[in-house]
Number of protein chains: 2
Amino acid sequence: MSKKPYIRPLDFKHGCIDLTHGSGGRAMAQLIDELFLKAFDNPLLRQLNDQAAFDVPAGRMVMATDSHVVTPLFFPGGDIGSLAVHGTVNDVAMSGARPLYLAAGFILEEGFPLGDLKRIVESMAAAAEEAGVAIVTGDTKVVEQGKGDGVFINTTGFGVVPPGIDISGNRARPGDRILVNGTLGDHGVAIMSQRENLSFGTGIESDSVALHGLVAAMVETVPNLHCLRDPTRGGLAATLNELAQQSAVGMRIEESSLPLREGVRGACEFLGLDPLYVANEGKLVAICAAEDAEPLLEAMREHPLGREAAIIGEVQEDPNHFVQMQTAFGGMRMVDWISGEQLPRIC
Amino acid sequence: MSKKPYIRPLDFKHGCIDLTHGSGGRAMAQLIDELFLKAFDNPLLRQLNDQAAFDVPAGRMVMATDSHVVTPLFFPGGDIGSLAVHGTVNDVAMSGARPLYLAAGFILEEGFPLGDLKRIVESMAAAAEEAGVAIVTGDTKVVEQGKGDGVFINTTGFGVVPPGIDISGNRARPGDRILVNGTLGDHGVAIMSQRENLSFGTGIESDSVALHGLVAAMVETVPNLHCLRDPTRGGLAATLNELAQQSAVGMRIEESSLPLREGVRGACEFLGLDPLYVANEGKLVAICAAEDAEPLLEAMREHPLGREAAIIGEVQEDPNHFVQMQTAFGGMRMVDWISGEQLPRIC
Ligand SMILES: Nc1ncnc2c1ncn2[C@@H]1O[C@H](COP(=O)(O)OP(=O)(O)OP(=O)(O)O)[C@@H](O)[C@H]1O
Ligand SMILES: Nc1ncnc2c1ncn2[C@@H]1O[C@H](COP(=O)(O)OP(=O)(O)OP(=O)(O)O)[C@@H](O)[C@H]1O
Ligand SMILES: [Mg+2]
Ligand SMILES: [Mg+2]
Ligand SMILES: [Mg+2]
Ligand SMILES: [Mg+2]
Ligand SMILES: [Mg+2]
Ligand SMILES: [Mg+2]
């Protein structure tokens, strides 16, 4: 679309989204051309067809989708743009797949500053480039002021699973070990402290990051990895309960093994949150056979995103599929996946 | 998730969406289980992993995405649920691909009636079943009242292009013929008349429908089809201008050849709209070599979705890439892709 003679370029300093940016005419074409295509630039997107077309070898593919409605749009350690890339790249990666392509759907609110949109789109482009994925197709809709909230971003990812890998939530078996790649609750606490306008002096940042490089290192060491899942909404507690349900097993974790930043611990106490239920955006839970646990832990710790990895518990037989935690004081506590807290719009 | 003992089933009669339905805990799991999984049911979705995994043969694949923000949510001839399936299936199909899988991302507004959501989800499931595509993965977010508008639905589709097919917006050549499969403007007029609370007595319904069956019949007859595009937002005018730009050609269409319902013509006059700019959701524009035009037209007319197909014009050499129309009175008119009208949230 680059040859179209727009009367004047978009005004990223003072301009705002209006309804014409979503109505299929010249204003929308200009926004796509001067903002989205420029930032996301790649040959597949440049085809500008109704769809992106690409060739793949025979094999196992995966698709994952997430809409992102996080508030505030900008937070310590990231923004809705980078989060929208990391969130979907990670859901693709939790199959062991290499993420290749993203589709991006924007729902913009009338009146949203073009400058903020540009910042978000450029952050998204940088996150995609760093993750080695291409944003190959997109969509832009505009809703009236008061019918949206700045910007919502859906991303849908496509990836290719290496032969011989079979990771699924129903593969946990009694005796398996449970690992995480690092500290819990950083993303949720970063968002909540920004939202509540708290400054803890601890400078907690979101852990938002793309995990597929770590996953590649993990499956290279342990191709027979059983389960992988990123503990996002609902935190570690929701993820373990989901996996326990799917695999029809119980789980026991040890509180003393859970990696936790001091600042997160303090903020959670202050905010009345339990770090077990707080969202992460750069963490994964891995489950593997007992004999694979040490080699897996070592492989994780060698990777920059797994330096604080830990074995946090094990899978048990349990007809009730309970998740329990041995507390630091030696007692046992149920980790139900009901969570009293609600942290709306955390991602 | 079906074994979880929810305290009581969802109340589709009086219940409403609240923030807990988006916070990753038990309420969200129940909503997914009792509404989405039940309606969309298929083995890939049932895996309930972070992603859907499937095997594909080597070849050309396509991905397309659209967010749907149509208002009103229910309109003559469809609703946001069926539209969300048709819209993305059609963007996939416009490559000649067979659509296989959809991902669905929901952004729900707090307070939205569960009964309405059920109606939409069931309509979506029915449309997917009719189109022969499976909704294999999804996402559910909730925003506070006043930060959304009932429900927004993103769908992203995945499909496989048959070998030997190469349809792209840059393949129009001077001398090629331009065809449409039926009457123009039905969707936009159906939405506008509902929105303006008009009753024309003509009962115009949206043309919203999945077009890949028609496309399959077309490429069987003319494998060397050059371009396909569905004239959605911006209508026929926007689509022809896009194709003219991409292929670096001009186009000439004839007003007298354009299929148009009397009721749509009348409603457009009444509403001050030009049917050339009004959105369609069950229409396609096809461009093929001159010698393929008659066989293609015949193949289209034999299909239920192409009975009113017509050859509407031809591609010309034109360094300005103009689209022009020979009017019914014999004059020539520019069909610019700027459109004075704005029809916000038509899809
Ligand atoms: N935000 C975006 N980022 C990147 N590319 C985009 C974005 N929005 C649209 N595009 C690209 O611009 C082109 C036109 O998009 P558009 O949404 O108008 O097509 P469509 O889906 O066929 O139409 P409609 O949305 O009206 O059904 C497509 O190639 C699409 O991939
Ligand atoms: N509206 C929906 N329709 C169909 N399936 C859904 C829907 N919402 C979620 N799912 C399915 O439920 C499971 C859990 O979805 P969820 O969004 O919680 O996972 P996630 O994306 O890994 O987490 P998060 O969204 O917090 O990052 C997935 O298998 C997903 O495909
Ligand atoms: Mg289209
Ligand atoms: Mg996710
Ligand atoms: Mg679109
Ligand atoms: Mg996940
Ligand atoms: Mg579309
Ligand atoms: Mg999700």
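Predicted model: local features only at pLDDT ≥ 70, side-chain atom pairs only at ≥ 80, totals over all residues.
**Entry 1: polar pairs across the interface**

I started where chain A meets chain B, and found 37 residue pairs in polar contact across that interface, counting pairs with both residues at pLDDT 80 or more.

**Entry 2: contact and area**

Then I looked up the area buried between chain A and chain B, which is about 6,400 Å². Carbon and sulfur atoms give 55% of that area.

**Entry 3: salt bridges**

I counted 14 salt bridges between chain A and chain B. One that I looked up joins the side chains of B:Lys147 and A:Asp149, at 4.0 Å from N to O.

**Entry 4: strands that pair between chains**

I went back to strand E2, this time in chain B. Strand E2 (residues 59–68) of chain B pairs with strand E1 (residues 52–56) of chain A, in the antiparallel sense, over five bridges. Who is the bridge partner of A:Ala53 in E2(B)? I found B:Val62 there.

**Entry 5: ligand 1**

Around ligand 1 I found 19 residues, and those that come nearest are A:Asn49, A:Asp50, A:Thr140, B:Thr232 and B:Arg233. I noted the site as shared between chains, because residues from chains A and B surround ligand 1. Then I checked some distances. A polar side-chain atom of A:Thr140 lies 2.8 Å from a nitrogen atom of the ligand, and one of B:Arg233 lies 2.8 Å from an oxygen atom. The backbone takes part in my list as well: a polar backbone atom of A:Gly138 is 3.0 Å from an oxygen atom of ligand 1.

**Entry 6: ligand 2**

Ligand 2 has 19 residues around it, the closest being A:Thr232, A:Arg233, B:Asn49, B:Asp50 and B:Thr140. Chains A and B both provide residues around ligand 2, so I wrote this site down as shared between chains. The side chain of A:Arg233 has an N or O atom 2.8 Å from an oxygen atom of ligand 2. For A:Asp66, the side-chain distance to an oxygen atom of ligand 2 is 2.9 Å. On the chain B side, I noted 2.8 Å between a nitrogen atom of ligand 2 and an N or O atom in the side chain of B:Thr140.

Note on methods: Residues numbered from 1 in each chain as written. Chains lettered and ligands numbered in written order. Heavy atoms only, no water. Buried area = accessible area lost by both parts, 1.4 Å probe. Polar contact = N/O pair within 3.5 Å; in protein donor to acceptor, adjacent residues only side chain to side chain. Pairing = 2+ DSSP bridges. Helix = DSSP H or I, 4+ residues; strand = E, 2+ residues; numbered from the N terminus. Near = heavy atom within 4 Å.
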